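Keep the viewer open as you read.

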Amino acid sequence: MQTETEILQAAAPLLLSWFRANQRDLPWRKNRTFYTSLVAEIMLQQTRVEAVKERYVAFLEKFPTEKELALASEDEVMKAWERLGYYSRARNLQKAAKTLFEEGTPRTWVGVRSLAGVGDYTAGALSSIALGLKEPAVDGNVLRVLTRLLADGSVIDDGVKRKFTQLLRAVYPDSTADFCEGLMELGAIVCVPNGAPFCEKCPWAGLCRAHLAGEEERFPVRAEKKARKVEYLDVFVLMCDGRYALKKRGAGLLRGLWEFPNRVAATSGGADLPVGVLLAKKTAKHIFTHVEWRMTGYLIQVEETTSDFVWATAEEIETLYAIPSAFGAFTEWVK
Ligand code: SF4
């Protein structure tokens, strides 16, 4: 029987050939620099490829190099990041851009890992893709592909991650970028997470232990997830003479972004409303990693503006104020 290393040694060249023939045409695969790879990897951390494709090009038009991003205001960066979610990534990306601008591009995995917002996975991806270093990047996608290839039924934890990092390091070919991206691409379009993988299109079909046993979907084995917390929120879109009330969020989730006035409620609906004419009401929900917001929104015409809020026109909201997508259902009222 082949050892795990032998299987991976046989798998590496098959993956490279497959990736070169089948890779998707994605904007961050063209004219790559360390900075553009950093932007792409940070955007891709928690956002779907399709959503990143739209925002990546516009972001680089606004901030083509680390210099422009390093010197931008926080509000400009947040606006350019709008709809990508997980906004702390944008703040960290700007910090990382300042480091690149002031100190130059890092040359080692440790240097890459020390950039703001860069964890082990992203450090591996940037080292492999932009620096040509044999440093594996192991995330959930890669773990899925590898646990299937080796039919490894261990419950996924840091120890399993370390094991696969070491196994990959031992077989890493010289084409580090294609190998790293090939693993990600296989997980994204062939060895997919939900439903049956497309083994008939997989370069590893003849090697893969899970496939040969007809047990692809038994892997990976994950620990049970904790239930997500539910919070109820009343959201008030206050309108006065074509202007809408906004305030900046303080500490915690979505810090520094702009929002409509809101408050945590005991349950959905039933709020004491601010004084004014109620024009519309609707419910919406938004799911974060650990929290689900169930929101009831109220569009209310008020008689006077007050100094507790910034009062912005629809055009100003469109161009200047980054409102997180969590409030997207109520942004539709701003016209
Ligand atoms: S053969 Fe199937 S299960 Fe195995 S790695 Fe390929 S797609 Fe995944």
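The sections below go from the overall layout to single residues.

## Before you start

What you see is a predicted model, in which local features need pLDDT of at least 70 and side-chain atom pairs count only at pLDDT 80 or more, while totals for chains, interfaces and linings use all residues. Residue numbers run from 1 along each chain as its sequence is written.

## Overall layout

The protein has 14 helices and seven strands. Here helices (H or I, at least four residues) and strands (E, at least two) are DSSP runs, numbered from the N terminus. Taken along the principal axes, the C-alpha atoms fill a box of roughly 80 × 45 × 30 Å.

Of the 335 residues, 33% are buried. A residue counts as buried if 20 or more other C-beta atoms lie within 10 Å of its own, as exposed if 12 or fewer do, and as partly exposed in between, with C-beta atoms placed from the backbone. Among contacts between residues at least 6 apart in sequence, 69% join residues at least 24 apart. Two residues are in contact if their C-beta atoms, placed from the backbone, lie within 7 Å.

## Two domains

The protein is divided into domain 1 (4-218) and domain 2 (229-331); such bounds come from an automatic or database domain assignment. The C-alpha centres of the two domains lie 35 Å apart.

Where they touch, nine residues of domain 1 are in contact with seven residues of domain 2. The side of domain 1 that touches domain 2 has three nonpolar, one polar and five charged residues. For these classes, Ala, Val, Leu, Ile, Met, Phe, Trp, Tyr, Cys and Pro count as nonpolar, Asp, Glu, Lys and Arg as charged, and the others, Gly among them, as polar.

## Around the ligand

Which of the 14 residues around the ligand come nearest? They are Cys191, Cys199, Cys202, Cys208 and His211. A residue is near a molecule or strand if its C-beta atom, placed from the backbone, lies within 6 Å of it. Helix 9 (140-149) and helix 12 (209-212) are the elements that give two or more residues to this shell.

Helix 9 gives the most, with three residues. By class, the shell has 11 nonpolar, one polar and two charged residues.

## An enclosed helix

Take a look at helix 8 (residues 120-131). Its 12 residues reach 15 Å from the first C-alpha to the last, close to the 16 Å expected at 1.5 Å a residue; the expected span is 1.5 Å times one less than the number of residues. Nine of the 12 residues are buried, so helix 8 is largely enclosed by the rest of the structure.

The buried residues of helix 8 include Leu126 and Ile129, and they pack against helix 2 (34-44), helix 7 (109-113) and helix 11 (176-189). Just after helix 8, Gly132 takes a positive phi of about 70°.

## Strands and their partners

Two strands pair if DSSP finds at least two bridges between them. Strand 1 (residues 229-240) runs parallel to strand 6 (residues 291-301), and 11 bridges join the two. Within this pairing, Glu231 stands opposite Trp293, and Val237 has Leu299 as its bridge partner.

Strand 5 (residues 277-287) and strand 6 pair in the antiparallel sense over 10 bridges and form a hairpin with three residues between them. Ala280 stands opposite Leu299 of strand 6. Two bridges join strand 1 to strand 2, which run antiparallel, with Met239 and Tyr244 as bridge partners.

## Backbone details to check

Most residues other than glycine have a negative phi, and most peptide bonds are trans. Asp241, in the loop between strand 1 and strand 2 (243-248), has a positive phi of about 50°. Asp241 is exposed, with 11 other C-beta atoms within 10 Å.

Asn31 has a positive phi near 45° and sits in the loop between helix 1 (4-22) and helix 2. Asn31 is exposed, with 8 other C-beta atoms within 10 Å. Finally, the peptide bond from Phe219 to Pro220 is cis, with omega near -5°, and Pro220 lies in the loop between helix 12 and strand 1.
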